[in-house]
Amino acid sequence: MIWNSAADFFAMGGYGLYVWGAYAVTAACMLAEPVLVAMRHGRARRALVADEEGGPR
Amino acid sequence: MSTSPRFFTFASPARFYPLAGKSVPWFWATAILLTAAGLFVGFFRAPTDATQGDAYRIIFIHVPAAWMSMLLYLVMAFWAAIGWAFNARLASMVARAIAPTGAMFTFLALWTGALWGKPTWGAWWVWDARLTSELILLFLYAGFMAIVAAIDEPRRADRAGALVAIVGSVNVPIIYFSVKWWNTLHQGASISATAAPTMAKTMLLAMLIMTFAFWAYAFAVVCMRTRAIVLERDRHASWAGDAAAAGTRSPLGTGQRLTA
């Protein structure tokens, strides 16, 4: 095992701020992007359904 | 027509929409499983580096993000060119859908690189050939998105975007070979076709698993965004209204007035 304790793991040999700073921003971006895309898809669908209900344009 | 109709079957947005919808959960499952495996190997199996300590663990996201940023640019330019040359609307929509994801990976490559550069080089940023050309890649993605958004008529916008994408693709080999062509602070290629890998096997394994994870992620997000773009663009086609009302299904019966 590389790490002796959880604190050891989070410290990353003194590079914790750099390693976790890189991973945190990557995770934030890669979690936010699919949510934003799903919201865009939802908007497009609702606009279409509203068009249908509003009759032909 | 001598060409097999099969080849063009999925070139129609109406065909693509449900197919992509069915594929997305599989891409997500692949991305999540590979990420879990890659992070496990990267943090619990790969040893601490002798010279860089644990700071090197940024490599497991830095290299995959940088590879994806370059690969996605070429894929975007490819589909943009197909969309232009063959007047294929779906190809142009795919190119549009790739751009934000490619830009995000470019940003992540720069961000993780800065956080790796500080502890190992002592600087967040240097105007080095590798870093500068990667920054230009971010501007090229931004330029593509800006020009496509600035032109109202969609097909004109697609063609203008294709031109930017194709001309800009010259930057990708410059990024890739920058560490060879110029003296740079950035280390050489992590993987080379001509030399045996210099990394420990577990480090290499974690990096490759994370690369495939990011790849699956890109497939998932690009499929999702293409579906959104298809609905936005084809909103006056009857199939799109049916698909929106029915969720993911796209009835392809009569009344379809789409051209591929």
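A residue counts as buried here if 20 or more other C-beta atoms lie within 10 Å of its own, as exposed if 12 or fewer do, and as partly exposed in between, with C-beta atoms placed from the backbone. What you have above is a predicted model, where local features need pLDDT of at least 70, side-chain atom pairs count only at pLDDT 80 or more, and totals for chains, interfaces and linings use all residues. Residues are numbered from 1 along each chain as its sequence is written, while chains are lettered from A and ligands numbered from 1 in the order in which they are written.

**Chain B as a whole**

Chain B holds 9 helices and 0 strands, with helices (H or I, at least four residues) and strands (E, at least two) taken as DSSP runs numbered from the N terminus. Of its 260 residues, 43% are buried. Take the contacts in chain B with a separation of 6 or more: 75% of them join residues 24 or more positions apart. Contact means that the C-beta atoms of two residues, placed from the backbone, lie within 7 Å.

**Helix H3 of chain B and its partners**

H3(B) covers residues 59-85. Its 27 residues reach 38 Å from first C-alpha to last, close to the 39 Å expected at 1.5 Å a residue; that expected span is 1.5 Å times one less than the number of residues. Is H3(B) mostly covered or mostly open? It's mostly covered, with 20 of the 27 residues buried.

Axes are lines fitted to C-alpha atoms, for helices over the stretch in contact, and angles run from 0 to 180 degrees between N-to-C directions.

| Pair | Axes come within | Crossing angle |
|---|---|---|
| H3(B) and H4(B) | 7 Å | roughly 160° |
| H3(B) and H7(B) | 10 Å | roughly 160° |

Angles under 35 degrees count as roughly parallel, over 145 as roughly antiparallel, 65 to 115 as roughly perpendicular and the rest as oblique. H3(B) and H4(B) are therefore roughly antiparallel, and so are H3(B) and H7(B).

H3(B) passes H4(B) in a left-handed crossing, meaning that the near helix is turned anticlockwise from the far one by less than a right angle (clockwise would be right-handed). The residues of that contact split into 20 nonpolar, 9 polar and 1 charged. For these classes, Ala, Val, Leu, Ile, Met, Phe, Trp, Tyr, Cys and Pro count as nonpolar, Asp, Glu, Lys and Arg as charged, and the others, Gly among them, as polar.

With H7(B), the crossing is left-handed too. Here B:Met70, B:Tyr73 and B:Leu74 of H3(B) meet B:Val172, B:Ile175 and B:Tyr176 of H7(B). That contact has 6 nonpolar residues, no polar and no charged.

B:Asn87 sits in the loop between H3 and helix H4 (89-121) of chain B, and is partly exposed because 14 other C-beta atoms lie within 10 Å.

Over in chain A, A:Met12 isn't a glycine but has a positive phi near 50°. A:Met12 lies in the loop between helix H1 (6-11) and H2, and is buried, with 21 other C-beta atoms within 10 Å.

**Where the chains meet**

The contact between the chains takes 27 residues from chain A and 32 residues from chain B. On the chain A side, 17 are nonpolar, 4 polar and 6 charged.

Helix H9 (residues 238-246) of chain B has buried residues B:Trp239, B:Ala240, B:Gly241, B:Ala243 and B:Ala244. These pack against helix H2 (16-53) of chain A, together with helix H2 (13-45) and helix H8 (201-233) of chain B.
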